[in-house]
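Please keep the sequence and the structure in view while reading.

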Amino acid sequence: MTLFSGQQACDGTIPKRMQTMKILIRNIKALLQIDEQKRPLVAGKDMSELPLLENAFLFIDEGVIKGYGSMNDFAETEFVRFSGRDGVHEIDAAGKMVMPAFCDSHTHIVYDGSREIEYIDKIRGLSYEEIAKRGGGILNSAKRMQDASELQLVEQAMERLEEIRRLGTGAVEIKSGYGLTTETEMKMLRVIRKLKELSPLTIKATFLGAHAVPAEYKKRQGDYVDKIIEEMIPMVAGEELADFIDVFCDKGFFTVEETDRILMAGMKHGLKPKLHANELDYSGGIQVGVKYDALSVDHLEFTGDDEIKALKGSDTMPTLLPGAAFFLEMIWPPARKMIDSGLPVAMASDYNPGSSPSGNMQFVMSLGSVKMKMLPEEVIHAVTQNGAYAMGVHDELGSIAIGKKANLIITKKIPTYAFMPYAYGSNKVEQVIINGKL
Ligand code: NIG
Ligand code: FE
């Protein structure tokens, strides 16, 4: 591998003006999730194998991973010349591990305020449905969204992005869906576009006009679906505001037939589907997602043999959101059965004000292990490489490979990588590198 070809002066030094941020991490206790083959995803049995290198170094330049290897060979590598040099930031990671930053492929972090009043109602015994009937739930956030300015929304979302970055997230998908009018859905998506400009995180935007039926369309849901298809999708696509299209395909929300129509319209406009499916019932959401080659189907509490069969052999990533299952006290998606059947599994936070007011992917890992019996290796794959696939960024993120973007976590001193899901509730992340910058 040649570094800086054409940039070196005769004496071998690099002219100051050409220097970009170089980082040399040495003495890494274990470099996790190495994948030189750049597999798009990891499925079935392979999920229980975590390729790693002990006592390693890693070199970053121009925002990407330029090389890594064993400390035992470091002195013989081309990277040794960067050690002790001006303009190279050196980190001694003795006792610490380095792994890809989390790819959180499902969030709703653009929202106004919070909904802890509903949370108290829930503690007092009201169900999610009862809270929604009282004007709470998605429609509550939608009401507040109408009045919030773009600036207010950007400021609040930036704070949440900063919070999740500190906890180890390097890429995040963000959905609209609290607008539910053309104008306010567009406002949400413009806010996400602004976040893409302002935040160093890799961000993907999803149009979720079909998140809930607005009150004024209660008796004529079909008209709202028509409006999504005829008015919203063309406008969203016209301004290139979204990468993906989502529908909440579940009992009491949108039917398979409606989902079918919305996805077909979205795909005509170049929007790849990602679905909310099978959270509340065997809704047919998984099957319709697979039919349209969705990038992912998400939630999946209600997944049986038919659903697993539909997912087998498809390119659709089953994505579990254990934070929502925990907070709403739902049944747990059958992660073990899915993986044992040969499927890949991703996990995401679902960060939103109603069903998962947390974007902490470390806690998501713990829930994966404790509640869904996933092994530490499996949860690590689920929140990195498979998460990257579920948001369409696996070519550049999700694993340690030369040429991939340097979005990395340096852990605190930890005894084993199993400590990550094991020590739930405490922050095991010491430093996060995004685009090769500390
Ligand atoms: O993913 N399931 C649908 N939508 C969100 C809930 C959003 C809310 O309650 O505000 C979810 O869990
Ligand atoms: Fe969601």
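The largest pocket holds about 610 Å³ of space, where a pocket is an open set of points on a 1 Å grid over the protein atoms alone, with protein on both sides within 12 Å along at least five of seven lines, and where a volume is the space filled by probe spheres set on the points, joined across faces, edges and corners. The model is predicted, so that local features need pLDDT of at least 70 and side-chain atom pairs count only at pLDDT 80 or more, while totals for chains, interfaces and linings use all residues. Residues are numbered from 1 along each chain as its sequence is written, chains are lettered from A and ligands numbered from 1 in the order in which they are written, and side-chain values use heavy atoms, with hydrogens and water left out.

Lining residues have an atom within 4 Å of a point, and the largest pocket has 23 of them, with Tyr-128, Glu-129, Ala-132, Gly-252 and Phe-253 nearest its centre. Helix 2 (128-133) and helix 3 (138-147) each give at least two residues to this lining, and helix 2 provides the largest share, four residues; helices here are DSSP runs (H or I, at least four residues) numbered from the N terminus.

The structure also has one cavity of 30 Å³ or more, a cavity being a set of points where a 1.4 Å probe fits but cannot get out. About 120 Å³ of space lies in the largest cavity, and among its 15 lining residues Tyr-128, Ile-138, His-211, Asn-352 and Ser-355 lie nearest the centre.

Ligand 1 sits in the largest cavity, in the sense that more than half of its atoms lie within 2 Å of the grid points. Of the 15 residues around ligand 1 (a heavy atom within 4 Å), Tyr-128, Tyr-178, His-211, Asp-350 and Ser-355 come nearest.

Taken alone, ligand 1 exposes 330 Å², of which the protein buries 99%, by the Shrake-Rupley method with a 1.4 Å probe.
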